[in-house]
Amino acid sequence: MEGTQTRRSSIAEKITESDSPINSSDPSSASDHSNESEGYSSPATRVVTNKSCIVPRSKRRGMFGQLALVPEIEDPRDYGRFIKYLITILVAAAGSTAPMASTILLPALSEVAVTLHSTQVVANLSVALYMLSLAMFPLWWSSISERKGRRAVYIISFFLFTISTVCCAISTNISMLVVFRIASGGAASSAQAVGAGTIADIWQVSERGKAMGWFYLGPLCGPLLGPILGGILTEEFGWKGTQWFLAFFGLVLFFGMLFCLPETLRIQDKPKDKPMELPDPSGDNLCAKEDETTQPPGLQRTITRASRRTLKKSKQWAKTTKIVLVDPLKSLLYLRFPPVLLTVIYASMTFGILYVLNVSLQTAYSHQPYSYSPLIVGLLFIPGSLGYITASLTGGRWSDSIMRRAAVKRRAAAGGDESTPLEYRPEDRIGINSWIAGIMFPCALICYGWIIEQGYYWAAPLPFTFTFGFGSMLVFGMTTTMLTEFVPGRASSAVAVNNFVRNILSCIGSALTEPIINAIGNGWLFTIIGILGLISLSVIWAMHRYGPKWRAEAHKYSFM
């Protein structure tokens, strides 16, 4: 890409083979560039970037930006590979926190019910309502991040997460635990939406699939690593050990964000707030002239100035209220855009199934005919985790290569040569990878359901949990990357909408799975879910069939 005039309203981004420097639209960029010969092009600087100038420490953006050891640069897409991978790994670790905390209590729910003098159903609320908080709060975190920057959101949210988790660890009754679990979930949920936005900030479109695969390794392995850690910690320290571990993990991430994460939100991507209209002094004078016959001039000037101050404060409060309460909900309008709606439905259904499978696995292996301890039950989540890791390491590169082949083929069909820029379209990521994943995970679920229903040998269902993990991870990585590309410059808000829908489904799935299993059994439950998964393949067909038409009509949507 060249220049600052990148068209953010366009969904299909064009990228040349030689990435030229992208200048910032920050008014201070000119002075920063002029300083390049005065020390900003040292060898140490070129380790960070060899294209954009480093922002002076005194001008860094973000909360406590001067404390960051990684310097802020004008365009974060120009960071060197080492810095990009460092930021990616850091936000992936942050992204793993919320889902890991959602499942780390699963092996300990029985102990929680006994220790806090409650029931198993009420103890389950600590998981179900936690998922509901993961659905709601990202709408606000993403809105704040796209106005005030990513760094402030990370620092504030992980400070609150650490405090809330400590309160969970010292809970004396089930009500206190549930309340602070909701608070900790709302705080940790920031990384799931803002993390994807950070990835979109620093990686070019042609490399974003691979980077998103690395990032999603955190959020998707979290739900599967949680029960393993939960089983070990519960065996050794009781259920409170899980919460102390999360508090320590949150504190480490807080300091990691404080010292290692620069501000990455590009200035041209920030929403432009319309300037607040103030009363026209000339208009006030006109009113004063009209009322001169009834009031003394001095008194009239006093009333006019007081009215102006009151009106100004009222408009400021109205603007603040709108930003805090209304603007985050505007993200839901993205669901009016068909490609976003279909992508969110497909990704959310797959994510909700993950939690249904987690509850089923924990319930089945904790009771007859297996009756395993919390530690053993936690270890049985390992095959699914391996599936996620395998797909995360391979799926992103696969998605990028499919997208590139489609762009090259389109250029050749248009008669272009090697010097013609490639046009990358979001729906190009849906290729043979999507069909394989879309068939793989529903079939794996059906097989798992009937094997666990019949109580076969303990290892028999585990290959199918691996298969589900591999197939569903392909779906998660592909759909999340597409969402960041359908709404350029608003990646965090688009992913927040995805989180909103998928975590509501996860909340419902976590609460209803056990009663449904008791009513119809694992076999029929996962048969129904598998059939719905196969029907959802129609989303892939629709994106290929109508994707170009929908993108051409994107201008009809005011929020785009």
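Predicted model: local features only at pLDDT ≥ 70, side-chain atom pairs only at ≥ 80, totals over all residues.
Which residue lies over the face of F351? The residue is R502, placed at 4.0 Å from the ring centre of F351. The mean pLDDT of the protein is 77, with 80% of its residues reaching 70 or more. Residues 1-47 have a pLDDT below 50, although this stretch makes 86 contacts in the model beyond near neighbours in sequence. The pLDDT is likewise below 50 over residues 273-295, where 18 contacts beyond near neighbours in sequence are found in the model.

Y85 is partly exposed, at a relative accessible area of 27%, while W203 is buried, at 0%. The ring of W203 also has a charged group over it, namely the end of K84, 5.1 Å from the ring centre.

Another aromatic pair is formed by Y365 and Y370, with 4.7 Å between the centres and 45° between the planes, a tilted arrangement. Y365 counts as buried because its relative accessibility is 0%, and Y370 is buried as well, with a relative accessible area of 11%; the cut-off for this class is under 20%. Elsewhere, F159, F254, F255 and F259 form one aromatic cluster.

The backbone also deserves attention. Q368 and P369 are joined by a cis peptide bond, with omega about 10°. P369 is placed in the loop between α14 (338-366) and α15 (374-379). The loop between α14 and α15 also contains S371, a residue that has a positive phi of about 55° although it is not a glycine. S371 is partly exposed, with a relative accessible area of 37%.

A positive phi, near 55°, is found at H117 too, again in a residue other than glycine. H117 lies in the loop between α4 (109-115) and α5 (120-136). With a relative accessible area of 75%, H117 is exposed.

Notes: Residues numbered from 1 in each chain as written. Heavy atoms only, no water. Buried < 20%, exposed > 50% of the residue type's maximum accessible area, 1.4 Å probe, protein only. Phe/Tyr/Trp six-rings, centres within 6.5 Å; stacked < 30°, edge-to-face > 60°. Lys NZ or Arg CZ within 6 Å of the ring centre and 35° of its normal. pLDDT = per-residue confidence, 0-100. Contact = heavy atoms within 4.5 Å. Helix = DSSP H or I, 4+ residues; strand = E, 2+ residues; numbered from the N terminus.
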